[in-house]
Amino acid sequence: MIQRRLLTTISRMTEEAKRLAGCAAVDNHVQNNQVLGIGSGSTIVHAVNRLAERVKKESLNVSCVPTSFQARQLILQNGLNLTDLERHPELDVAIDGADEVDSELNLIKGGGGCLAQEKIVAGCAKSFIVIADYRKDSKEFGQQWKKGIPIEVLPVAYVPVTRAIQQQFGGVVELRIAVSKAGPVVTDNGNFLLDWKFDRVHDWNVVNTAIKMIPGVVDTGLFINMAERVYFGMEDGTISFRDKPAH
């Protein structure tokens, strides 16, 4: 009973941390007459809820480009304007979550399976803002996130890509298997996901480029030098943020 109460308390604390981060990003970076990229995952729900509140209260004119089917549903359920990259190939701001953030503001993303579309949308934005709770903050990749780096691949290529990554960079690569269906997880793009559990620290910029060059790789969950600012909702109910280091 005590353990159950503790888990419930931690869960509530984590959700509140996510809410704080999402609200901070929307309040500080969303303005009238903008086109926004809307990310995927549990934290983004709070950001979209806050966005809908501001649109109603302030009569904001904003349009939203989703990164996934989930994001599209969130936009529609909240009565927000839905658009796409064909009509708006340049976005003012993209807001998304992350599975892990290192000291250089590099990200691991794709735990929810939407990495390719998330990276495309983030790359189209003048400003890419990330929201996360305190559990996602690390000095180096792998300290907090233990599930590996997601890599989206064409189904026909998953075995050759697995072999190539393991031969070049070590570690273990696993095909992500679905929980509630037989067989592998299939992305919104109809592709498979590999999770690379690396066994040492790498030069992530070099690794990202090299993996993307392997035939059959769609994209990686390494978001290198893309985030402008990350908001962290903290355990004590405060918000902290980090900006991209100046080199």
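The model is predicted, so local features need pLDDT of at least 70 and side-chain atom pairs count only at pLDDT 80 or more, while totals for chains, interfaces and linings use all residues. Residues are numbered from 1 along each chain as its sequence is written, and side-chain values use heavy atoms, with hydrogens and water left out.

**Overall build**

- The protein has 6 helices and 14 strands; helices (H or I, at least four residues) and strands (E, at least two) are DSSP runs, numbered from the N terminus.
- Its radius of gyration is 18 Å, close to the 18 Å that the globule rule gives for 247 residues, so the protein is as compact as a globular protein of that length. The radius is taken over C-alpha atoms, and the rule is 2.2 Å times the number of residues to the power 0.38.
- The C-alpha trace spans about 55 × 50 × 45 Å along its principal axes.
- Of the 247 residues, 50% count as buried. Buried means under 20% relative accessible area, exposed over 50%, and partly exposed in between (1.4 Å probe, protein chains only).
- Take the contacts (heavy atoms within 4.5 Å) between residues at least 6 apart in sequence: 74% of them join residues at least 24 apart.

**Surface and charge**

- The protein carries 28 positive and 29 negative charges, and their mean positions are 5 Å apart. Lys and Arg count as positive and Asp and Glu as negative, while His and the chain ends are not counted. Each charge is placed at NZ of Lys, CZ of Arg, CG of Asp or CD of Glu.

**Nonpolar cores**

- A nonpolar core is a set of buried Ala, Val, Leu, Ile, Met, Phe, Trp, Tyr and Cys residues joined through side-chain atoms within 4.5 Å.
- The largest one has 25 residues, and V30, I38, I44, L51, L80, I95 and I131 have the most contacts inside it.
- Two or more residues come from each of α1 (2-29), β1 (34-38), α2 (42-58), β2 (62-66), α3 (69-77), β4 (91-96) and β7 (125-133). The largest share, 6 residues, is from α2.
- Beyond its neighbours within four places in sequence, I95 is in contact with residues including V26, V30, I38, I44 and I131.
- Apart from this core lies another, of 23 residues, among them F169, F198, V207 and I211.

**Residues to look up**

- Most residues other than glycine have a negative phi. N33, in the loop between α1 and β1, has a positive phi near 65°, and N33 is exposed at 54% relative accessible area.
- S59 also has a positive phi, of about 55°; S59 sits in the loop between α2 and β2 and is exposed at 61%.
- H46 belongs to helix α2 and is buried, at 15%. Setting aside neighbours within four places in sequence, H46 is in contact with E15, K18 and R19.
- L154 lies in the loop between β8 (149-153) and α5 (158-169) and is partly exposed, at 40%. Not counting residues up to four places away in sequence, L154 touches N191, G216 and V218.
- L154 and E90 are 64 residues apart along the chain, and their C-alpha atoms are separated by 27 Å.
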